Amino acid sequence: MMSPKVLLICTPNYSIYMLNEEIAKIRDGIRDFTEEVDWRPASPTGILYLCAELQRENIQVDILDLHFQFYKCKMNGYFLDNNLQDFFEDFLVKFLKDNEPNYVGISALFNTSFSTARDISKLVKSYNKKTTVILGGNLPTYLYKKIFNNNMVECDYMVLGEGEKSLSWLILNAGKENIGELVSVHPHIVDRNSYLEPHKKLGIIDNLDDLSPPAHDKLPDLDSYLTGSALSGRMGTTQRKGPEQGELAVVLFTSRGCPMPCTFCASWGVHGRDFRTHSVEYVLEHIEDVVNKYDIKKLLIEDDIFNLSKKRTIEFCKKLTEKFNNRFTIEFPNGLACWTLDDEVIGWLKKAGVKTITLGIESGSAYVQKNIIKKNINLKKVASVMETLQKYKIRARAFFIVGYIGETLQQMEETIRFAQSIDVDWAEMKVFTPIVGSDMYEQAINNGYLDPGDPYFEEHVYNRSNIGTDEFTAKQVKDVQYNGNIRVNFLNNRDLRKGNYVQAEQTFGKLMKIYPDHLFAHWAHWKALMGQGKVVKAQESLQVIHKLCKANTQNVKLFEKYEIDLPALKDSGSSAYLNSSKMSTGVGAPS
Ligand code: B12
Ligand code: SF4
């Protein structure tokens with residue numbers, strides 16, 4: 001018998017509704033920077049792990065990253081003449097025709113991509129109904145009963161939890177006559193006949209060193225992936241061509257699982273509450289391999305809670321430095337726990353190549369920490385960690401979320417003030433999204449803040465306000481988040497305040513490339529140029545700001561709201577509005 005062919009599909013991260021909305025915006029030429037979401041592709045590492053395990057069993061496997069493809073099409077003008085249907089026809093159906101896979105595995109990590117997974121599975125089945133469709137990731141792990149109950153996705157199997165071993169098992173056994181019986185007793189795979197069996201549960205890999213390292217070489221365009229955002233740009237970039245050109249980076253996991261009880265987080269639902277680690281030797285071997293293959297200079301460690309153990313963190317840093325000297329820049333796009341960060345640990349991280357640290361702080365209100373999100377971080381400790389980071393000249397970025405269920409507008413304001421008070425280099429201010437699987441998602445349902453009859457959660461888009469509660473409306477929370485971002489990261493930007501104009505020029509220059517219409521990025525860039533006395537370049541920057549204000553009255557209103565007055569353009573005499581040099585934003589005018 002021919003060896004089976006498997007195709008693993010990475011779904012676009014957004015819903016069908018969002019994909020269509022984006023295409024409509026591209027066609028209409030609408031560019032509202034205040035509403036932009038991040039489309040840039042990140043390495044689909046879960047799929048790469050699955051691939052590696054299938055390859056170990058000599059199973060032929062391909063990857064189709066439709067998020068990456070959508071992004072590419074968005075950037076190259078494809079959508080000026082094509083719609084979403086054309087996109088799926090050109091990139092999915094064509095792939096199916098060219099490759100005729102027997103099994104299609106669809107990765108659905110997010111509830112925001114529910115409808116996307118639904119439409120992709122429909123297309124796969126309508127192309128060839130004999131193709132076996134398998135769904136895996138966070139979404140089916142939490143919602144498999146609902147999905148099968150309501151026939152929401154056309155799939156034959158769903159895999160619960162970590163899928164490496166289960167998927168290989170399924171492909172190796174799917175051809176057997178008694179596959180139905182075998183699946184019914186399998187603990188981590190469900191089909192239509194067995195999904196209500198009580199023994200079905202999360203698949204967890206006990207010994208992570210049993211796994212083959214992720215098959216990075218299966219990504220057709222490794223150079224173009226971007227991962228993790230920091231200091232306004234993506235901090236990790238694997239892009240060697242194009243606007244965000246940088247050093248080639250690789251995404252790594254050194255552990256899985258997190259024992260913390262944060263009520264807004266759903267990660268434990270797939271990876272469990274037990275903190276499991278790869279041995280340091282395993283990780284170093286994997287690093288050596290990717291260094292040899294791709295000349296990697298940057299490591300993006302995406303563990304949920306890399307530094308849970310102080311001892312292990314130091315051991316990792318020591319051994320990495322012994323083996324590779326100062327070869328790497330290391331980043332932790334998911335954030336580090338602040339309670340195990342002390343002088344000794346930070347010193348070792350610095351030696352190993354960490355230049356920026358992200359702290360998962362989440363709220364600047366002690367009440368919210370303790371009673372609402374239950375992360376219960378000691379905020380005083382955060383301030384002292386920040387001081388130590390500054391001592392080691394490590395830049396600091398922090399995650400904050402506003403709009404938790406039960407939170408008041410006053411507590412959200414506390415978060416913004418806290419972010420300012422700790423002198424953070426960049427604050428990632430996000431709006432709370434009820435993530436299926438988290439405690440707070442249940443609270444949202446139980447309080448009637450989410451409509452249980454809304455099956456696809458289309459509107460629950462990352463970083464857009466999704467729910468109102470008794471304390472705030474969705475619009476209010478979005479305004480708080482927007483306002484916090486502008487106040488902390490732009491108007492009171494630490495680099496501008498401290499006169500680090502070179503760094504500020506870099507940061508905002510990067511941001512302008514990603515969001516060319518971002519008014520405040522241009523404004524901050526202009527200030528950074530003025531601070532360095534780069535008058536000619538600053539004038540060019542000012543010109544762009546004037547253009548943006550002319551093109552869109554919303555921009556004028558934004559400047560008015562934050563009481564920003566800019567000088568008129570030299571010799572232009574063009575703008576009645578922008579005619580003074582007064583800066584009344586809390587940021588002193590550059591000398
Ligand atoms: C990297 C990452 C991203 C990346 C890229 C994801 C990608 N394409 O792989 C990006 C930046 C796009 C991203 C964005 C978001 N993310 Co995110 N992300 C992660 C993160 C940190 C790591 C993912 C990862 O590689 N994990 C390691 C691998 C081994 O695990 P895995 O991906 O889950 O894959 C395993 C299983 O799920 C399963 N599996 C996965 N696919 C398939 C397919 C088949 C066929 C099978 C059989 C099995 C299977 O087997 C895999 C191997 O064990 C996770 C946290 C985490 N620890 O997983 C959050 C996580 C997945 N993200 C999450 C969320 C919510 C988001 C966002 C919605 C926003 C947010 N609040 O963070 C956005 C969504 C995008 C959007 N619409 O804006 C949630 C998902 C929860 C949920 N129920 O939806 C997680 C779990 C974090 C959390 N706090 O709860 N994210
Ligand atoms: S938010 Fe971070 S620390 Fe909290 S449970 Fe999730 S992974 Fe763990």
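Analyst: Angles under 35 degrees count as roughly parallel, over 145 as roughly antiparallel, 65 to 115 as roughly perpendicular and the rest as oblique. Two packed helices are described by the angle between their axes and the distance between the axes. The model is predicted.

Start with helix H2 (residues 45–56) and helix H7 (residues 164–173). Their axes lie 9 Å apart, and the packing angle is about 45°. H2 and H7 are therefore oblique to each other. The crossing of this pair, H2 and H7, is right-handed. On the H2 side, the contact is made by Tyr49, Leu50, Glu53 and Leu54, and on the H7 side by Glu164, Leu167, Ser168 and Ile171. Sorted by type, the residues of the H2 and H7 contact are five nonpolar, one polar and two charged.

Now take the pair formed by helix H19 (residues 501–514) and helix H20 (residues 519–531). Their axes come within 8 Å and cross at roughly 150°. H19 and H20 are therefore roughly antiparallel to each other. H19 passes H20 in a left-handed crossing. From H19, the residues Tyr501, Ala504, Glu505, Phe508, Gly509, Leu511 and Met512 take part, and they meet Ala521, His522, Ala524, His525, Ala528, Leu529 and Gly531 of H20. This contact of H19 with H20 divides into nine nonpolar residues, four polar and one charged.

H20 can be checked on its own. It has 13 residues, and at 1.5 Å a residue they should span 18 Å; the end C-alpha atoms of H20 are 18 Å apart, which agrees. H20 is also mostly covered, since 13 of its 13 residues are buried. After H20 comes Gly533, with a positive phi near 75°.

Gly203 sits in the loop between strand E6 (189–191) and strand E7 (226–230). A residue is buried if 20 or more other C-beta atoms lie within 10 Å of its own. Gly203 has 23 such atoms within 10 Å, so Gly203 is buried. Among the residues Gly203 touches are Lys165 and Ser166, and H7 covers residues 164–173. Gly203 also touches Glu162; these two are 41 residues apart along the chain, yet their C-alpha atoms are separated by 5.3 Å.

As for the whole protein, it has 22 helices and 16 strands, and buried residues make up 47% of its 591 residues.

Technical notes. Residues are numbered from 1 along each chain as its sequence is written. Chains are lettered from A and ligands numbered from 1 in the order in which they are written. This is a predicted model: local features need pLDDT of at least 70, side-chain atom pairs count only at pLDDT 80 or more; totals for chains, interfaces and linings use all residues. Axes are lines fitted to C-alpha atoms, for helices over the stretch in contact, and angles run from 0 to 180 degrees between N-to-C directions. Helices (H or I, at least four residues) and strands (E, at least two) are DSSP runs, numbered from the N terminus. A crossing is left-handed if the near helix is turned anticlockwise from the far one by less than a right angle, and right-handed if clockwise. Two residues are in contact if their C-beta atoms, placed from the backbone, lie within 7 Å. Ala, Val, Leu, Ile, Met, Phe, Trp, Tyr, Cys and Pro count as nonpolar, Asp, Glu, Lys and Arg as charged, and the others, Gly among them, as polar. The expected span of a helix is 1.5 Å times one less than its number of residues. A residue is buried if 20 or more other C-beta atoms lie within 10 Å of its own, exposed if 12 or fewer, and partly exposed in between; C-beta atoms are placed from the backbone. Lists of a residue's contacts leave out its neighbours within four places in sequence.
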